[in-house]
Amino acid sequence: MRYVVDTIVRNSQQRVSYPLLPVEPTSVELPVWGKEGLYFGSRHSPQKLLTEITEAVRAAKEVVAFQTLLLDDSPFIQELERAIKERGVRGYGVLAAEPLRKLAEEGEEHRYEHQFRDLIRRLSVLMPLRISSRIHAKYLLIDPHLPTGRAFFLTSNLTQKALSENIEVGKVLEGPAVRSLFEYFLYTFWEWAEEEFNEGGISVNISPLQRYRLPSPGKLLCSLSQGQSYPLYEAIQEVIQKAKNYVALSTFLIAGVDKEPIRSIIQSLQDALKRGVKVEIFYRFHEATYQSQIFPSLRSLVDAGAKVYLVQSPLLHAKFILSDGKRGWLTTANLEGDKAKDTLDLGWELSVDEAEVMEEYLAWLRSKAKYILHPRCPVQELKGKSF
C-alpha cells in the first residue's frame, strides 16, 4: 500500500511501507540558458529548446538531418519545409518504428492519426524519411560538412510539447563533435533503417547498404558495439563505481532491472550506497506508473538509502548521470533492461565545466519534485518531517 505522509496521523506504532513524503516547494532559477552549450527545456524556462532549434534550421545552408522517436507538425518542421522548398536545403530523417506501429494498431481511433499521416505525406515528397525498429537516440544536425555546422544532442523528441514543455536537456555540439554525430546518423540511416516512406507516404522495405560501421568511441558513446558489450552503459557504471561522495541520476524509465546491462548498474548503485556515497534519483511520477514501474524498480535502491525525487509536472524526460561534480554523461537512454540489448542510444561525456552547469540544474530539479520516496519505517519517525 502507498501512503502520503499527510494521511498518516493514527497509530504511532504502525509501520509504513514506502510512503511518499511531500516536498516543500522552493523557488530555484534555471541555470543560464546556453551556458557551456547546455539548453534546459521546460515550460518554466524563459526560452525554449524549440525556438533554438527552429532558428538553427532557419540558418541552414545545405543539410538538415534528424533522428527522433516522435515527430509532429511543429515550428521546427515548418521551418524545415521552407528551407527545402525555398533555399534548396537537403533534408534527411530517421523515425523509430515503435510509435508508428502503435498508430497502425490503433488506426483511425488514434487522435493524432490524421495529422501524422498528413505530415508524413508532406515530408516524404521533400526528403528521404526512413524507419528503424532499433533506435532511441534523438538529435538534429545542421550542415555537418561546413565549418559553421552545428548539432543538437537531445534528451527530447522533436515534438512541440517535448521541446517547449517537458523537462529536457539539450547540448549544442560544434566542430569535430558534429562530424562524429553525423557518422552515427550515416550508420543509422544506411544500415539500421528497415523501411523508407515513398512519395505517397507509404513505407516500403529497404536493405542495408553494408558500407558503414559504428563509429569509434569518443565523447559520443553508443549503447551498443559490434560485439556483445554495451559501451554507454559500461561508462555509466564506471561513473558510479568511481564516485566518492555522491551520484545523481535522472531518467524517464527504470525497468527490467533483473536483466543486463541494467542489473549491473543497479548493483553498482547499491554498492556505492554501502560505501557511503549519497545517491539521488530523479524520476517522473504519476499514479498509473507508481505500482507498475516506480515501486518495483526503485524499492531495492530506496532500501539501500537512495533518495528518490518524484517529479509530477512538468513531465520529467531529462536523462543524465553526475558524480562528484566533475564526471557524467548526458544520454538518450532509459535504464530499460528489456530493450538495452537491441536499441541504439547515445551518450555525451560531460566536461568538468558542463558538469558544473548540470550541478546548478540539479538544484532546480529538486525544486520541481512533488514527493520523496521513503523506505519502510514506523509512523512516529515520519511525524514532523520536513524536506
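The structure is a predicted model. The protein has 387 residues, and 56% of them count as buried. Its secondary structure comes to 11 helices and 22 strands. Among contacts with a separation of 6 or more, 76% join residues 24 or more positions apart.

**Helix 1 and helix 2**

- Two packed helices are described by the angle between their axes and the distance between the axes.
- Helix 1 covers residues 49-58 and helix 2 covers residues 75-87; they pack at about 5 degrees, with axes 9 Å apart.
- Angles under 35 degrees count as roughly parallel, so helix 1 is roughly parallel to helix 2.
- Helix 1 brings L50, I53, T54, V57 and R58 to the contact.
- Helix 2 answers with P75, F76, E79, L80, A83 and R87.
- Sorted by class, this contact holds 7 nonpolar, 1 polar and 3 charged residues.

**Helix 7 and helix 8**

- Helix 7 spans residues 231-242; its axis and that of helix 8 come within 9 Å and cross at roughly 5 degrees.
- Helix 7 and helix 8 are therefore roughly parallel to each other.
- On the helix 7 side, the contact uses Y233, I236, Q237, I240 and Q241.
- On the helix 8 side, the contact uses I262, S264, I265, S268, L269 and A272.
- The classes here are 7 nonpolar and 4 polar residues, with no charged residues.

**Aromatic rings**

- The whole structure contains 12 aromatic pairs.
- One of them joins Y139 and F185: the ring centres are 6.5 Å apart and the planes stand at 80 degrees, so the pair is edge-to-face.
- This pair links distant parts of the chain, because its members are 46 residues apart, with Y139 in strand 7 (residues 138-142) and F185 in helix 6 (residues 176-192).
- Y139 and F185 are both buried.
- Y139 and F185 also belong to one aromatic cluster, together with Y92, F182, F189 and W190.

**Charges over rings**

- R130 lies over the face of F189, at 4.5 Å from the ring centre.
- F189 is itself one of the residues in the aromatic cluster.
- K219 places its charged end over the ring of W348, 4.9 Å from the centre of that ring.
- K219 can also be located relative to S180: their C-alpha atoms are 9.0 Å apart, and the two residues are 39 residues apart in sequence.
- S180 is found in helix 6.
- With a relative accessible area of 30%, S180 is partly exposed.

**Cis peptide bonds**

- The peptide bond from E260 to P261 is cis, and its omega is near 5 degrees.
- P261 is in the loop between strand 14 (254-255) and helix 8 (262-274).
- A cis peptide bond also runs from S313 to P314, with omega near 0 degrees.
- P314 sits in the loop between strand 16 (307-311) and strand 17 (320-323).

**Positive phi angles**

- D143 has a phi near 50 degrees, a positive value in a residue other than glycine.
- The loop between strand 7 and strand 8 (150-154) holds D143.
- D143 has a relative accessible area of 4%; buried means under 20%, so D143 is buried.
- D324 is not a glycine either, yet its phi is positive, at about 55 degrees.
- D324 is found in the loop between strand 17 and strand 18 (327-331).

**A look at Y246**

- Where is Y246 found? Y246 is in strand 13, which covers residues 246-251.
- Is Y246 buried or exposed? Y246 counts as buried, because its relative accessibility is 16% and the cut-off is 20%.
- Leaving out residues up to four places away in sequence, Y246 touches V277, K278, L322, S323, D324, G325 and E359.

Notes:
Residues numbered from 1 in each chain as written. Predicted model: local features only at pLDDT ≥ 70, side-chain atom pairs only at ≥ 80, totals over all residues. Heavy atoms only, no water. Axes fitted to C-alpha atoms, helices over the stretch in contact; angles between N-to-C directions. Helix = DSSP H or I, 4+ residues; strand = E, 2+ residues; numbered from the N terminus. Parallel < 35°, antiparallel > 145°, perpendicular 65-115°, else oblique. Contact = heavy atoms within 4.5 Å. Nonpolar A, V, L, I, M, F, W, Y, C, P; charged D, E, K, R; others polar. Phe/Tyr/Trp six-rings, centres within 6.5 Å; stacked < 30°, edge-to-face > 60°. Buried < 20%, exposed > 50% of the residue type's maximum accessible area, 1.4 Å probe, protein only. Lys NZ or Arg CZ within 6 Å of the ring centre and 35° of its normal.
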